[in-house]
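Please read the following account alongside the sequence and the 3D structure.

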Amino acid sequence: SVSWDNQSDPHAAADAAANRLRELTGAETHDVALVLGSGWVPATDALGAPEHEFPVTELPGFPPPAVAGHAGRIRSYRINDKRALVFLGRTHYYEGRGVAAVAHGVRTAVAAGCKTIILTNGCGGLREGMRPGQPVLISDHINLTATSPIVGANFVDLTDLYSPRLRALCQQVDPTLEEGVYAQFPGPHYETPAEINMARTIGADLVGMSTTLEAIAAREAGAEVLGISLVTNLAAGMTGEPLNHEEVLQAGRDSASRMGSLLAQVLDR
Ligand SMILES: Nc1nc2[nH]c(I)nc2c(=O)[nH]1
């Protein structure tokens, strides 16, 4: 059986999950995958009704939920001639389940046929002028987790990891979209103001606790990657106020409709 700490053979684990997905959806292939981060779930209203929805634990290799009954969910949508695989929730590195568990969703999507992986997240904004509720296209990332989903002498190139083609497409859809460099901290604690100053100094515009490891796994698997961050709070030390998770979620809800129309148009291209 495939245990969730599928470090042993992550690609076999992804194939097993993709085969079960085919059984559950009757779809031989999915074309594009979307991973929804904090605050993004309301954006799926713009995608219409999913054809299938089930807990991720229906597929092998996904860990049991951290909180009972709060398992992540998977939806399969038909969007014109394409099938989209949407993950509501993800495994975060800070759960301590290992990096293979973090990359399992993306690897499963590619094993199911997805050529494009869209990674969304909620994040802190570091750049002057950024405001809660603002979406930002990820132009590049800084992986501060000190780890990789790749094991062994596989020197994967990460140039243009965040697809210039898909970023340009998003900016056609919404010309007001800005771009930024996203830094992943291990978490689960937020950054100190000093760490935010460090992140800004090394070139980060956005800080979060997801996305970079998933993006590396997607590139290793040959998929085209798009990353979109939703600034849900200004990073620590920028406002002098403590960070409050509730404001984070509210900011996401407020901008969900704008995010939904962007995603619906990108998924349909
Ligand atoms: N590391 C980090 N992750 C986050 N996720 C969200 I939502 N806001 C933040 C933040 O300010 N810092």
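What follows describes a strand and its partners, then the nonpolar cores, the salt bridges and some backbone details.

The model is predicted, so local features are reported at pLDDT of at least 70 and side-chain atom pairs count only at pLDDT 80 or more, whereas totals for chains, interfaces and linings use all residues. Residues are numbered from 1 along each chain as its sequence is written, and side-chain values use heavy atoms, with hydrogens and water left out.

Five of the five residues of E1 are buried, where buried means under 20% relative accessible area, exposed over 50%, and partly exposed in between, with a 1.4 Å probe and protein chains only. Both faces of the strand are covered, with Val32, Leu34 and Leu36 on one side and Ala33 and Val35 on the other. E1 pairs with E4 in the parallel sense over five bridges, pairing being assigned if DSSP finds at least two bridges between two strands. In this arrangement leucine 36 stands opposite leucine 88 of E4. E1 also runs parallel to E5, to which four bridges join it, and there valine 32 faces threonine 116.

The nonpolar interior can be taken up from here. In soluble globular proteins, nonpolar side chains tend to be buried together. A nonpolar core is here a set of buried Ala, Val, Leu, Ile, Met, Phe, Trp, Tyr and Cys residues joined through side-chain atoms within 4.5 Å. The largest such core has 33 residues, of which Leu85, Phe87 and Ile117 touch the most other members. A second, separate core of 25 residues includes Val32, Ala43, Leu169 and Ile228. Isoleucine 117, with its neighbours within four places in sequence left aside, is in contact (heavy atoms within 4.5 Å) with Ala33, Val106, Ala109, Val110, Ala218, Ala223, Glu224, Val225 and Leu226.

Which charged side chains meet in salt bridges? The structure holds 15 salt bridges, each a side-chain nitrogen of Lys or Arg within 4 Å of a carboxyl oxygen of Asp or Glu. One of them joins arginine 73 to glutamate 53, with the closest N and O atoms 2.7 Å apart; this pair links strand E3 to strand E2 (residues 52–55) across 20 residues. Arginine 73 is partly exposed at a relative accessible area of 33%, and glutamate 53 is likewise partly exposed at 33%. Arginine 90 and glutamate 214 form another salt bridge, at 2.7 Å from N to O, and here the partners are 124 residues apart, arginine 90 in the loop between E4 and helix H2 (99–111) and glutamate 214 in helix H5 (residues 212–220). Arginine 90 is buried at 15% relative accessible area, as is glutamate 214 at 3%. Arginine 165 and glutamate 224 also meet in a salt bridge, at 2.8 Å from N to O; arginine 165 lies in helix H3 and glutamate 224 in strand E9 (residues 224–234), so the pair ties together parts that are 59 residues apart in sequence. Glutamate 224 is partly exposed, with a relative accessible area of 23%.

Leaving aside neighbours within four places in sequence, histidine 92 is in contact with Val102, Met209 and Ser210.

The backbone details remain. Most residues other than glycine have a negative phi, and most peptide bonds are trans. Asparagine 80, in the loop between strand E3 (73–79) and strand E4 (82–88), has a positive phi near 55° and is exposed, with a relative accessible area of 54%. Alanine 146, in the loop between strand E6 (134–143) and helix H3 (164–173), has a positive phi of about 60° and counts as exposed at 80% relative accessibility. Finally, a cis peptide bond with omega of about 0° joins glycine 187 and proline 188, and proline 188 is placed in the loop between strand E7 (178–184) and helix H4 (193–201).

How values were computed:
Helix = DSSP H or I, 4+ residues; strand = E, 2+ residues; numbered from the N terminus.
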